[in-house]
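Please have the structure open while going through the points.

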Amino acid sequence: MRIKHHPILDDDSRKCNASIIVDGKKVPAIEGEPIAAALLAAGIRKIRETSKYHKPRGIFCAIGRCTDCVMIVDGVPNVRTCVTPVRDGMVVRTQKGLGEWGEKP
Amino acid sequence: MMEKKGVLYQGFPSMEELEKSPGVPSKDRIRKGPVACIECVQEIPCNPCEEACPYGAIKVGKPITNLPVLDQDKCIGCGNCIAACPGLAIFVVNGAREKAQISFPYEYHPLPKRGDTVDCVDRSGKVVTSGRVLRVVKAPNYDHTAVITVEVDQAYIDVVRSIKRLEGSDDE
Amino acid sequence: MKRTEIAIIGAGPAGLSCAVEAARAGAKVTLLDENLKPGGQLFKQIHKFFGSREHQAGTRGFRIGEQLLKETEELGVEVLLNAAVYGIYEDKTLAYIKDGKDYALQADRIVIAAGASENALAFPGCTLPGVMGAGAAQTMINVHRVLPGKKILMVGSGNVGLIVSYQLMQAGADVVALIEAAPQIGGYGVHAAKIRRAGVPVYVSTTIKEVIGEEAVERVVITSLDEKWQPVPGTERTLEADTVCLAVGLSPLTELAWMAGCEFTFIPPLGGHVPIHDENMETTLPGIYVAGDITGVEEASSAMEEGRLAGVASAESLGYYDEETAKALKDEIWQRLNSLRTGPFGEGRFKAKIRQLQARRQLA
């Protein structure tokens with residue numbers, strides 16, 4: 001959920017001027033915001049699955065330090081979605097396990 | 001399980017802690033007219049209240065961990081200190097009229113409007129009575145800390161310190 | 001190879017303040033930060049800071065940050081963003097990666113102001129999506145303007161837990177409870193009073209037993225603790241929540257200091273292993289300084305003062321200030337720093353920092 005009106009900060013007047021494809025579905029986003037922010041705004045909380053037991057993982061630190069938030073972005077695995085900015089048309093996939101180089105987007 | 005009283009256990013000062021605080025005015029003074037009520041009971045390095053008062057009615061001095069001392073005779077209840085306190089711990093209470101008036105800092109959205117009837121809460125957040133909004137003041141130097149004044153029954157003058165948050169409005 | 005006089009690693013409150021002081025003295029300053037935007041954790045602080053006028057009390061944290069940024073621009077500080085420093089070598093060469101390319105920077109003095117990171121807590125269900133650091137939630141709501149959830153359980157009653165609970169409510173979420181394992185609230189009473197007024201229950205001597213959910217947090221189970229911090233059977237309570245924020249302390253990010261060869265000491269109140277430094281914020285390696293949370297977890301106000309100290313001291317060591325001028329500036333900063341470390345909340349940190357300075361003297 002996006003926070004448009006805030007008691008301390010100015011109104012958020014940004015418009016969703018971009019979209020990303022997440023596991024095949026189009027998700028509205030704001031160009032330049034972290035991918036993880038667009039996902040949270042769309043209510044997507046599961047980011048990846050662990051290698052052995054396929055357990056769900058989500059965001060933990062949100063500042064690019066813990067790597068819990070990594071996904072496959074435009075075919076590149078292990079991309080930290082909390083610090084990687086959205087580009088219109090980006091293809092994002094839930095990473096299962098450690099990911100592989102050269103995975104199709 | 002009995003909850004221990006006091007700011008360290010409940011998160012808000014007990015009546016005893018408030019009575020001992022040099023920032024809390026006497027009941028007599030409250031009955032005479034508007035006066036600041038500084039509910040600051042822990043020594044932390046902080047003194048913007050001292051600078052905010054145009055009448056010199058608040059003294060912190062050095063070290064700046066001193067609890068603010070209210071000179072209740074100098075204080076006229078102008079309310080300048082309410083938005084100046086980073087801890088949102090200062091109020092203005094007025095027990096001189098038929099109904100009690102309580103001014104408090106408020107930093108949520110949406111704000112109530114003048115004339116609204118609102119649920120008023122005690123220090124633990126419990127709704128204790130209904131009140132009418134007399135004033136909502138937003139000044140540039142308050143930097144987004146609104147000061148709301150509500151009118152409640154006199155019985156609640158030592159009790160009500162805020163209102164229940166209003167339901168969020170127009171966001172999609 | 002690229003050269004600079006003073007290289008500052010980390011553009012948070014300590015790094016920015018350091019850059020301003022060093023540049024004011026006349027030194028050539030390069031400020032590096034691995035993030036896309038400077039400011040560290042300062043820009044998420046939407047509450048009014050405490051202290052006195054000289055600490056900018058009553059001003060919201062992010063406005064102080066904006067002012068610092070403006071000053072670095074006016075003073076011509078070179079700011080390299082998206083620049084992750086990954087190595088410090090013997091001759092004070094820094095290695096960093098910027099925009100995917102590898103670079104080296106030769107510096108005369110280095111200030112490491114890398115800050116601290118949030119601690120985690122282990123309990124069944126702690127890995128579920130929806131369990132995150134309190135700082136993470138704060139970043140999401142105040143910087144990125146998105147809510148991580150609507151019904152939050154906050155774990156930890158230090159200032160971070162108390163302040164972030166308040167800010168989550170300002171952002172439109174509900175805090176179903178704040179729990180604290182210790183028998184009393186750790187942060188400022190005034191911060192706790194704000195969230196109590198807003199109807200948030202605060203439970204001391206309470207910890208989290210487990211978090212339940214399939215793909216994300218759905219419910220949380222909390223339990224009371226006895227005087228020995230052991231769970232009391234039969235006191236479990238289940239609360240509906242979709243997010244659990246952990247505000248259980250921070251630990252200094254000290255990798256670069258370790259790697260460079262700085263000596264460390266172990267001081268739990270400061271967050272654990274911290275680099276040893278003297279009154280000039282200089283480590284045991286001549287010409288390498290530290291400032292801010294990396295030296296011990298405190299607050300933004302003290303980080304800024306330590307940054308100023310390191311800025312003045314490093315500029316002095318390069319000859320930009322004579323001894324007398326530098327001493328006057330440093331004494332002023334030490335006065336402001338000491339006044340922050342007073343009272344029942346600050347005293348412990350004051351004593352801890354004295355231990356750190358003593359550790360330096362013992363090695364002399």
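1. How many residues does helix 8 of chain C have, and how far does the helix reach from its first C-alpha to its last? In this predicted model, helix 8 of chain C has 18 residues and reaches 26 Å between those two atoms. That span is close to the 26 Å expected at 1.5 Å a residue.

2. The buried residues of helix 8 of chain C are C:Leu329, C:Lys330, C:Ile333, C:Arg336, C:Leu337, C:Ser339 and C:Leu340. These buried residues pack against helix 7 (300-317) and helix 9 of chain C.

3. Chain C also meets chain B: 36 residues of chain C are in contact with 35 residues of chain B. On the chain C side, helix 4 (159-170), helix 5 (189-197), helix 8 (323-340) and helix 9 (343-363) each supply at least two residues. Helix 5 of chain C gives the largest share, 8 residues. By class, the side of chain C that touches chain B has 16 nonpolar, 14 polar and 6 charged residues.

4. Turning to chain A, 26 residues of chain C are in contact with 28 residues of chain A. Strand 7 (116-118), strand 8 (131-133) and helix 3 (134-142) of chain C are the elements that give two or more residues to this side of chain C. The largest share, 5 residues, comes from helix 3 of chain C. By class, the side of chain C that touches chain A has 13 nonpolar, 10 polar and 3 charged residues.

Definitions and conventions:
Residues are numbered from 1 along each chain as its sequence is written. Chains are lettered from A and ligands numbered from 1 in the order in which they are written. This is a predicted model: local features need pLDDT of at least 70, side-chain atom pairs count only at pLDDT 80 or more; totals for chains, interfaces and linings use all residues. Two residues are in contact if their C-beta atoms, placed from the backbone, lie within 7 Å. Helices (H or I, at least four residues) and strands (E, at least two) are DSSP runs, numbered from the N terminus. Ala, Val, Leu, Ile, Met, Phe, Trp, Tyr, Cys and Pro count as nonpolar, Asp, Glu, Lys and Arg as charged, and the others, Gly among them, as polar. The expected span of a helix is 1.5 Å times one less than its number of residues. A residue is buried if 20 or more other C-beta atoms lie within 10 Å of its own, exposed if 12 or fewer, and partly exposed in between; C-beta atoms are placed from the backbone.
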